[in-house]
2 protein chains.
Amino acid sequence: MAQTDTVTRILNTAEVLFAERGFAETSLRNITSKAKVNLAAVNYHFGSKKALIQAVFARYLDPFTERFHATLDELETRYGGQPIPLEVLLESMARTVLEVPAERNSLKVFMRLLGLAYTQAQGHLRGYIQQQYGSVFTRFAELVRKATPELPDSERFWRLHFMLGTVIFTLSGLDALRDIAEQDYGEHVSVRELIRRLRPVVVAGMNAPLPEDPHAMAG
Amino acid sequence: MAQTDTVTRILNTAEVLFAERGFAETSLRNITSKAKVNLAAVNYHFGSKKALIQAVFARYLDPFTERFHATLDELETRYGGQPIPLEVLLESMARTVLEVPAERNSLKVFMRLLGLAYTQAQGHLRGYIQQQYGSVFTRFAELVRKATPELPDSERFWRLHFMLGTVIFTLSGLDALRDIAEQDYGEHVSVRELIRRLRPVVVAGMNAPLPEDPHAMAG
DNA sequence: TTACGTTTTAAACAATCGTTTTCCAGCAGG
DNA sequence: CCTGCTGGAAAACGATTGTTTAAAACGTAA
């Protein structure tokens, strides 16, 4: 199928350009010219630029959610009702995140896209991701709840997002940070090296003592 | 001066729209029409859209750096050579961040702009901020170094950026998160409430145990 | 008043955007 | 044969972008 070739060439080029410059700053002409396909091909195969953006995300998130669900299945049977330790949960998530993009382009692109999805409002994107892939996060959050029964629900909610922020923010802006680190310390860090450094920080953050309540705590 | 009125009305409108939609998604016509000034006023008073973006940042970052330098001066004389505790440093930074926008619009706008500066590449912006306001961060990092002498330099560098990511990511995407939290727990969190929750997490993250080294650690 | 520098205004600029239309090439089954 | 369908190519669509131009309005000093 020559059609598939055009589609994947568009997707491969689009994901890189989106990750580099963002959605609004990347025109369809940028994509199609670099991908060596006709301009109209995007609207022909995807329908619109919005749909192309969603397709780029789906190509990462579909295999990710599938594998992550499988991983959680496996964990739940292995621990058979017993709460799964927080470290195991986080480690499993990190491993799944690392696995998926290995087959495709790079983890950098994947993380950068996640960061854009969060910050670059784009209305439709956040809704699409929430609706399409929200279930796996809900499931993960429920397992984290069982792993940290001492945490008030609202406190755990916020800490999960704090940690999500740490990881996505770091890996999303990795290129810029890597440049600074390299010129400051002359050391080049790999993504896996970074995740190794992230783990104890994330675990410590989740297990931090509860904030003292100044007036009254709603938790 | 009627000129100042136009300038500030442009800035006030621009910062809100930039924070809401991003830079590329906000046109000069959006700004000028909402600000009820002529379209050409932007190019007349600021020169270009890029310059307007930088001016928006400068209006927050100039007073911030000035106050933060003053705060650090005060801390250094109070502790007279002794290392300033990490909690004090973080607390001082948080207080300064909270102080500055109180006079103007809202903390939300300030944080959202910082998030955009990080993620929305915009080449010129990152360079501008780094070059214009890098010194105060360098000074802060040096004080953090003295406060955490047991940390390897590279480890501290990364953890500082981890924590920066946590705070900026959280407060930058606050609106979206707040919506989710509100519908999940029915509880409305204020920014100060969030910072109260952030503090123990950040401190714990900075003081986390060092990662075990799998092969060899360069730090 | 006249004159001058500053600010505002309306209009147009060229460039780029996402999308649509039109036409053509290739290949299937009747 | 030609009919129908799919994918690609070129061109044009109208809309919107940041920026510039030129003239009008303003306030102030001579």
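Read along its sequence, chain A follows the pattern α-α-α-α-α-α-α-α-α-α. That comes to ten helices and zero strands. Helices here are DSSP runs of H or I with at least four residues, strands are runs of E with at least two, and both are numbered from the N terminus. This is a predicted model, where local features need pLDDT of at least 70, side-chain atom pairs count only at pLDDT 80 or more, and totals for chains, interfaces and linings use all residues. Residues are numbered from 1 along each chain as its sequence is written, chains are lettered from A and ligands numbered from 1 in the order in which they are written, and side-chain values use heavy atoms, with hydrogens and water left out.

Take chain A as a whole. Its C-alpha atoms fill a box of roughly 60 × 45 × 35 Å along the principal axes. Of its 219 residues, 53% are buried. Buried means under 20% relative accessible area, exposed means over 50%, and partly exposed lies in between, with a 1.4 Å probe and protein chains only. Now look at contacts (heavy atoms within 4.5 Å). Among those in chain A with a separation of 6 or more, 73% join residues 24 or more positions apart.

Next, the aromatic rings. A pair of aromatic rings is described by the distance of the centres and the angle of the planes. Rings of Phe, Tyr and Trp (its six-membered ring) pair if their centres lie within 6.5 Å; planes under 30 degrees apart count as stacked, over 60 as edge-to-face and the rest as tilted. The structure holds 17 aromatic pairs over all chains. One of them joins B:Trp158 and B:Phe162, which are tilted, 6.5 Å centre to centre with 35° between the planes. Why are these two about one helical turn apart? They are separated this way because they sit four residues apart in helix H8 (residues 153-172) of chain B. Both B:Trp158 and B:Phe162 are buried. In chain A, A:Tyr60, A:Phe64, A:Phe68, A:Phe110 and A:Phe140 form one aromatic cluster.

Move on to helix H9 (residues 174-185) of chain B. This helix has twelve residues and reaches 15 Å from its first C-alpha to its last. That is close to the 16 Å expected at 1.5 Å a residue, where the expected span is 1.5 Å times one less than the number of residues. Buried residues in H9(B) include B:Leu174, B:Leu177 and B:Arg178. What covers the buried residues of H9(B) includes helices H6 (107-119), H7 (124-147) and H8 (153-172) of chain A, together with H8 and H10 (191-206) of chain B. Just after H9(B), B:Gly186 takes a positive phi of about 65°.
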